[in-house]
Amino acid sequence: MAVYVDPPLWPAHGTVFSHLISDKSLDELHAFASAAGVPERAFDGDHYDVPERLYDDLVKAGAIPVEARVLVRKLIASGLRIPARDRNKALTVPLMKHWNTIYPGHEELGLELLERWGEDTRKYHSRTHLLAVLEALDVLTEPALPARTVSLAAWFHDAVYEGVAGQDEEASAQLAEDRLTKAGLSPEDVAEVARLVRLTDKHNPEPGDHAGALLCDADLSVLGGDEQSYAKYVAAVREDYAHISDDDFATGRAAVVRHLLSLDPLFHGDRAKALWLEAARRNLAAELAGLA
């Protein structure tokens, strides 16, 4: 058995990532990752996504460096590879570990939320988006951790998704109020989580609202991806609205893009601006031009 790592070539969250795999056993992979200090939330069903800064340490710890295409072949040959179409469901384990970290003792509620995020009709607003927002929160607050209310708001912010802007956010906020009250969260924290969820409708927190700015920045981090990642995001959003005609979708999407371009600021925190602002403006402008 051996553990392999490919070069850090895959851009996300302002850095580039490698993939860490085992050619025989997930148990071996988890043990190696844990000993090397790779967080559990970095596991994605059949591999770990590891930032460039950890690459040399992983090799020193015994990971065998290989080209990306070699790593993929070894993963396929191992029988451990999860097809891309199934990856959303494969996120159950790392997401539940995250949930149990921020709100231990309420596993049933976490599983309910995961069921909602895992609905078959969701393409963009799925578990992969939830994980991306949680990871963005970690990037923005590192080395500290996000406040629990902010993390809970991330879990609830698209928990209800019918594709109706404004109504989905309100329904998600009401769900948070109901479930978190029943779970025994303090009234103050329940109100704060619901307030943050409602902010993800327009993404316009008031000046000085650091928690609101943090959640909105993390939710919009997808806008600052590279050209290929942004194209995948737009395609997934289109699938979420597959029931709408092309003309109606183009009209509605153009309005959304114009709103995002009109936000001043689009990102609020200095770290978010440095990571995503330039690329986000470029991506949005290009998309709007294409819609026109």
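The following questions and answers concern the predicted model shown above.

Residues are numbered from 1 along each chain as its sequence is written. In this predicted model, local features need pLDDT of at least 70 and side-chain atom pairs count only at pLDDT 80 or more, while totals for chains, interfaces and linings use all residues, and side-chain values use heavy atoms, without hydrogens and water.

User: Which residues have the most contacts inside the largest nonpolar core?
Analyst: A nonpolar core is a set of buried Ala, Val, Leu, Ile, Met, Phe, Trp, Tyr and Cys residues joined through side-chain atoms within 4.5 Å; buried means under 20% relative accessible area (1.4 Å probe, protein chains only). The largest such core has 61 residues, and those with the most contacts inside it are Leu-180 and Leu-266.

User: Is Ser-151 buried or exposed?
Analyst: Ser-151 lies in helix α8 (residues 148-156). Leaving aside residues up to four places away in sequence, Ser-151 touches His-98, Ile-102, Leu-134, Leu-137 and Pro-146, a contact being heavy atoms within 4.5 Å. Its relative accessible area is 3%, so Ser-151 is buried.

User: What is the radius of gyration of the protein chain?
Analyst: This radius is taken over C-alpha atoms, and the globule rule is 2.2 Å times the number of residues to the power 0.38. For 292 residues a compact globule would have a value near 19 Å, and the protein chain agrees, with 19 Å.

How values were computed: Buried means under 20% relative accessible area, exposed over 50%, partly exposed in between (1.4 Å probe, protein chains only). Helices (H or I, at least four residues) and strands (E, at least two) are DSSP runs, numbered from the N terminus.
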